[in-house]
Amino acid sequence: MKWLVLAAAFAIGSVADAAMTRQVLLMGTRATLTTWDADSARADGRLERLLEHLEDTENRLSTWRPDSEISRMNASAGHGAFRLSSRTCALFQELDRWVRETDGAFDPAIGPLIEAWDIHGEGRIPTPAELQQARAQTGWTHLTFDAARCTVTLPAGAAVDVGAFGKGEGIDVARAAEGGDAPWLVDLGGQIGVAGSPPESGGWSVAIARPDDRSTALLTVRLPGGSLSTSGGSEHDRHVGGRRVGHILDPRTGRPAAFAGSVSVWHDSGLAADVLSTALYVMGPKRGLAWAEAHGVAALFAIPRGGGSIVRRATAAFRACCLTSREADRYSSRSPSH
């Protein structure tokens with residue numbers, strides 16, 4: 001599972017276009033939905049539709065709901081092929097592509113590892129035997145996805161976790177249904193999706209939190225649209241027997257990712273932003289920055305140093321999309337020595 005560390009910061013527009021905001025508990029977080037419109041009934045209707053699309057996605061993907069499509073798929077492990085809905089089938093085609101493109105740094109088939117480390121609970125240190133068994137059941141290569149038939153076959157013990165793609169999928173579903181002309185913002189406890197532009201603003205201003213203090217902004221960026229996702233640790237990591245148990249696991253090693261900073265990714269696709277912030281976090285600053293530059297990904301690494309300082313490294317694509325020219329001159333994607 002991935003927890004995000006973002007905060008939205010936006011100014012209310014003109015009196016003629018009033019802001020309307022709704023807060024709900026959704027996708028394991030307190031979500032904020034905002035829109036602008038001179039017609040309050042039209043604004044309220046837009047928020048209601050956005051909420052419905054997000055709730056439908058949660059009902060389809062949530063592993064906390066035993067009747068969701070993903071939960072039923074996971075329950076089918078060891079019992080033959082499970083037929084996916086058309087929307088989830090299209091989603092799995094994208095997941096399959098991202099697993100391959102990131103060389104497994106993103107891999108949602110990590111259910112056994114999530115359980116072994118008790119990531120959804122208080123955290124624990126698995127025994128070597130437990131970890132070995134969990135690793136043997138973990139990995140996208142263990143499942144058989146038939147895109148033509150829209151079926152997934154999971155071996156016994158395998159399970160897919162949605163923590164690194166569920167929110168991004170929800171944002172994409174909402175945008176596809178609602179469109180991108182009217183101004184709206186969806187803040188899913190960290191992953192943010194935006195469309196249009198607030199009146200008299202020229203864009204959306206979003207504050208990225210410090211990786212060591214989620215209540216303090218590290219910097220504010222300007223979003224041209226799309227989605228911004230941040231992967232990080234902070235208060236959501238656990239400490240067991242004096243050992244830090246990060247909640248973002250490295251599927252390749254079966255252990256918590258070693259990086260203790262944060263990674264923010266902007267992408268036009270909410271799913272891509274969600275997936276890539278996780279994958280780059282798992283890769284770490286050195287390899288992650290090089291990979292992001294090579295693939296044209298808009299990414300910002302916040303790297304903790306001694307004495308509470310934070311080193312910021314942004315790719316060229318991130319500097320171009322999300323920073324003013326003055327701010328961009330202060331950032332470099334030159335990866336740190338470690």
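Biologist: Which residues is Phe 165 in contact with, leaving aside neighbours within four places in sequence?
Modeller: This is a predicted model. In it, Phe 165 is in contact with Leu 61, Leu 91, Leu 95, Phe 106, Pro 108, Val 160, Leu 271, Asp 274 and Val 275.

Biologist: And which residues touch the most other members of the largest nonpolar core?
Modeller: Met 73, Phe 92, Phe 106, Phe 165 and Leu 280 do, out of 49 residues in that core. The elements giving two or more residues to this core are α2 (69-75), α3 (86-101), β16 (262-267), α7 (270-283), α8 (285-294) and β17 (298-304).

Biologist: Which of those gives the largest share?
Modeller: α7, with 10 residues. There is also a second, separate core of 24 residues, and Val 194, Trp 266, Ala 298 and Leu 300 are among them.

Biologist: Switching to α6. How many residues does it have, and how far does it reach?
Modeller: α6 covers residues 166-178, which makes 13 residues. From first C-alpha to last it reaches 18 Å, close to the 18 Å expected at 1.5 Å a residue.

Biologist: Is α6 largely enclosed or largely open?
Modeller: Largely enclosed by the rest of the structure, because 11 of its 13 residues are buried.

Biologist: Which ones are buried?
Modeller: In α6 the buried residues are Gly 166, Lys 167, Gly 168, Glu 169, Gly 170, Ile 171, Asp 172, Val 173, Ala 174, Arg 175 and Glu 178.

Biologist: What follows α6?
Modeller: Gly 179, with a positive phi near 90°.

Biologist: Now the sheet with β4, β5 and β6. What is the strand order?
Modeller: The order is β4-β6-β5, in an open sheet of three strands with antiparallel pairing. β4 (81-83) and β5 (144-146) are the edge strands, each pairing on one side only. On average, neighbouring strands here are turned by 20° against each other, direction ignored.

Biologist: How many bridges join β5 to β6?
Modeller: Three, and β6 spans residues 151-153. Asp 146 stands opposite Thr 151 in β6.

Biologist: Last topic, confidence. What is the average pLDDT of the chain?
Modeller: The average is 89, and 89% of the residues score at least 70.

Biologist: Where does pLDDT stay under 50?
Modeller: Over residues 1-16, for which the model has 69 contacts beyond four places in sequence. Where pLDDT is low, the predicted coordinates should not be read in detail.

Technical notes. Residues numbered from 1 in each chain as written. Predicted model: local features only at pLDDT ≥ 70, side-chain atom pairs only at ≥ 80, totals over all residues. Heavy atoms only, no water. Helix = DSSP H or I, 4+ residues; strand = E, 2+ residues; numbered from the N terminus. Expected span 1.5 Å × (residues − 1). Buried < 20%, exposed > 50% of the residue type's maximum accessible area, 1.4 Å probe, protein only. Core = buried A, V, L, I, M, F, W, Y, C linked by side-chain atoms within 4.5 Å. Contact = heavy atoms within 4.5 Å. Pairing = 2+ DSSP bridges. Axes fitted to C-alpha atoms, helices over the stretch in contact; angles between N-to-C directions. pLDDT = per-residue confidence, 0-100.
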